[in-house]
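Trainee: I am new to this structure and would like to learn how to read it. Could you take me through some of its features?

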Amino acid sequence: MNQKLLKLENLLRFHTIYRQLHSLCQRRALRQWSHGFSSAYPVWTAQLYAWPWPTEMLTGAALSQYRFLVTKKEERPQKSQLSSTKSKKVVEVWIGMTVEELARAMEKNTDYIYEALLNTAIDIDSLEADSHLDEVWIKEVIMKAGMKLKWSKLKQDKVKKNKDAVRRPQADPALLTPRSPIVTIMGHVDHGKTTLLDKLRKTQVAAMEVGGITQHIGAFLVSLPSGEKITFLDTPGHAAFSAMRARGAQVTDIVILVVAADDGVMKQTVESIQHAKDAQVPIVLAINKCDKAEADPERVKKELLAYDVVCEDYGGDVQAVPVSALTGNNLMALAEATIALAEILELKADPNGPVEGTVIESFTDKGRGPVTTAIIQRGTLRKGCVLVAGNCWAKVRLMFDENGKTIHEAHPSMPVGITGWRDLPSAGEEILEVESEPRAREVVDWRKYEQEQEKGKEDVKIIEEKRKEHQEAYQKAREKYSNVQWKKRSLLQYLEMKEQTSLKRKEEMERDSNVLPVIIKGDVDGSVEAILNIIDTYDASHECELELVHFGVGDISANDVNLAETFNGVIYGFNVNVGKVIQESAAKKGVKMKLHKIIYRLVEDLQEELSSRLPCAVEEHPVGEASILATFSITEGKKKVPVAGCRVQKGQLEKQKKFKLTRDGHVIWKGSLTSLKHHKDDISIVKTGMDCGLSLDEENMEFKVGDRIVCYEEKQIQAKTSWDPGF
């Protein structure tokens, strides 16, 4: 613009000089020309040609006008450039994006997103950086930011390639070799399952079990005198271990159903039959305790008919063997029946290729770390193999049998203990061998990714449901105050918010006093699973809320004590140890630790703890009882007071206690006495057989002959929870 102005100024100066020169030339010519004309024209011509030109004014006006035009022309592109810079920013968004992703797309921080959603129906307190936002709230944030949104399909998560490990296809039948049968012993608690297994393998497993009941799945390889081998799974019979029995049935070939001849079919017997049917596994019936005088094997067979278990004696295909686990009588016949059934089933497996198996039990050992008991179903397990089970993987460092002896190979149907796990897999997980550690990590990462995706979908559903609830509540609140002036509306909203705050505080105080936070620690995964299944049956939240803070496998740690202190909870340990330092720390912090070795004792303790959190109930205990024989009234000042003449029938009447008046079996009054007299003397106690007169603290109460006065005292007793875990 400056160059153009300079050019214009030079041009105008040149033009001015030119006009001045032209004017001078004209004046000179006029002078010469005026000498040749008459003197009548000199004034007009002088005025015409001698009139001075306002060159400075013209130049200034021209320059100012040109500056205006040039500036106006040059401002136009600047305005268009400014409008382009002030145009709304386009933000690329997609459905289901998180708070953090939206903030990143808008080039803002997450606090900006929270502020934009402050006065909306969404629950800000429930929002986290990884919370998924609904389409409505994405639009709301973009609109408040003054930006434009653009829905992008490219931002959708790309379908990842499935990198999971799977079982191999069925092997060629020609490559299969015979294997030992996997037999699960099932039945009701205390029907002699473990004792029977003791006799078969000549050990004392039952003697080592606390309380005389099996509380874990035991996997044992038993060698018979004939040279045959059988892998036995001993499952717990207690009602709490239903999941363990189901897991045992899923990996077995044959189920030995143990029923006591003196007890018959019980609840867990029926459950075991159902597990065998669900797994489509054949049954061999072992009628135990036949050495007892009250034993009745035939009754057991008849009772089983009701559950479609038909023995060979009644035309069925179930072998029934009467045995005595205590004396060892007829146990070889039971083993032979099992081997015969296994031969009929023609059990075979592929001993070559990658290993496949199932985790039977898992626990943490102080010296070995995470340990699993597994059954090998295919392939041969060796030291150094890389295994994957669930979200855990291992490079096999050590293998051992049920006696703790180190072994170098585990063939199909063999039970084996495995160490070398990076984390502790859950019982029941499928074990698969992979070619390398990177491949194992890849499989675990893929499985975790799948779980996150599933969790994300569930979270989106929950958020959507909550959003709808908040939206409905918001609409109702809007409708409630739609016809109210803004000042009154603000006042009503303030009062309502104040009331809600006080109610919330009251609810929180009541909730804190009526909640039992618990931490569960067990020795093995199956035990923890059983306890959690019991907690899942809790149905008395209206009395006291049972809150599971944490659970895990292994001994009680300092972290467990800290959690219990934070939540004011109780630690329940099952077959676990507690170090002296941990005990001292818990005592110092006032944390309760309750250790048990029998599961139903733990459940009973949990019921007692829940009951202790309930408000005490009040019970009335009668002290004495009297019947009204006559009614009359006395004058006290200006008032007439009704008086009852009574005779004590039971116990005694004590003036300081509480009383109630009953008529035709119904209580019509409760309260205290204002006077109690024997003849004319005021007394505090009237014993059995004595007559007395009494008046009540309610003047309008009318006595009738035949009414009864009961003296009683109130005692507070500890309420009991209504929760029944089922055993």
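Trainee: Where in the protein is confidence lowest, and where is it highest?

Mentor: This is a predicted model, and a pLDDT score goes with each residue. Confidence is lowest in helix 2 (residues 42–49), with a mean of 40, and highest in strand 14 (residues 386–389), at 94. Over residues 72–85 the pLDDT falls below 50, and that stretch has one contact in the model beyond near neighbours in sequence. Residues 204–217 are also below 50, yet there the model has 45 contacts beyond near neighbours in sequence. The average for the protein is 79, and 80% of the residues score at least 70.

Trainee: Thanks! Which residues of the largest nonpolar core touch the most other members?

Mentor: Start with the general idea: in soluble globular proteins, nonpolar side chains tend to be buried together. Here, the largest nonpolar core has 26 residues, and L196, F232, I256 and L334 touch the most other members. Helix 12 gives the most to this core, seven residues. Look at I256: among the residues it touches are V183, I185, F232, V284 and L334.

Technical notes:
Residues numbered from 1 in each chain as written. Heavy atoms only, no water. pLDDT = per-residue confidence, 0-100. Helix = DSSP H or I, 4+ residues; strand = E, 2+ residues; numbered from the N terminus. Contact = heavy atoms within 4.5 Å. Core = buried A, V, L, I, M, F, W, Y, C linked by side-chain atoms within 4.5 Å. Buried < 20%, exposed > 50% of the residue type's maximum accessible area, 1.4 Å probe, protein only. Lists of a residue's contacts leave out its neighbours within four places in sequence.
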